[in-house]
Amino acid sequence: MDFTLEVIPLPVSDIDRARDFYRDKVGFHVDIDQEVMPGMRIVQLTPPGSGCSIALGDSIWDMAQGQTKPEPGSYQGLQLCVADIKAARAELVERGLEISEPVQYAPDDGATFMYFKDPDGNGWSIQEYRRRATEPLHQVVRDSADRRR
């Protein structure tokens, strides 16, 4: 049985502001922006090329038994991966995102990062994983699934 991580609920204080930030500054695609049941609006956004989305909504945590809503801005360490960090940074800066310069912690592939925060303070990193240029994640996942069969 495969268990895929596909949606991460993200605590924000203003759904419209967060939607606009992730869409306009970070370049995520808006998949859903609707009231899915009375009093429950969900905005789901997906980074380009990703199989995992973020979900914004005030009532998301009300549906899950035993869970309480985290404070807006309390999520840290969310991570995106790109094949070319310099090109990604140039695109994001052009969109108006305030983002750090890339920091290379070691010469190895996967050891260069840059950082940004959303309007609530949720912290993100972007990791350069050059191998993704020739081995896209969807291909790696498919090949792995084929080997298990």
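Two residues are taken to be in contact when heavy atoms lie within 4.5 Å. With contacts counted between residues at least 6 apart in sequence, 53% of those in the chain join residues at least 24 apart. The model is a predicted one, in which local features need pLDDT of at least 70 and side-chain atom pairs count only at pLDDT 80 or more, while totals for chains, interfaces and linings use all residues. Residues are numbered from 1 along each chain as its sequence is written, and side-chain values use heavy atoms, with hydrogens and water left out.

Four helices and eight strands are found in the chain, where helices (H or I, at least four residues) and strands (E, at least two) are DSSP runs numbered from the N terminus. Read from that end, their order is β-α-β-β-β-α-β-α-β-β-β-α. Along the principal axes, the C-alpha atoms fill a box of roughly 50 × 45 × 25 Å. Of the 149 residues, 36% are buried; here buried means under 20% relative accessible area, exposed over 50%, and partly exposed in between, with a 1.4 Å probe and protein chains only.

The largest pocket holds about 1200 Å³ of space. Its lining comprises 35 residues, and the closest to the pocket centre are Gly49, Ser50, Gly51, Cys81 and Leu137. Two or more lining residues come from each of strand 4 (53-56), strand 5, helix 3 (85-94), strand 8 (123-128) and helix 4 (137-148). Helix 4 gives the most, with six residues. A pocket is defined on a 1 Å grid over the protein atoms alone, as an open set of points where a 1.4 Å probe fits, with protein on both sides within 12 Å along at least five of seven lines; lining residues have an atom within 4 Å of a point. Grid points are joined across faces, edges and corners, and the volume is the space filled by probe spheres set on the points.

Cys81, one of the residues closest to the pocket centre, belongs to strand 5 (residues 78-82). Cys81 counts as partly exposed because its relative accessibility is 46%. Its C-alpha atom is 26 Å from that of Ser13, 68 residues away along the chain.

Gln127, in strand 8, is by comparison buried, with a relative accessible area of 14%. Leaving aside residues up to four places away in sequence, Gln127 touches Gln79, Leu80, Cys81, Val82, Gly110, Thr112 and Phe113. Pro70 lies 57 residues from Gln127 in sequence and 25 Å away in space, C-alpha to C-alpha.
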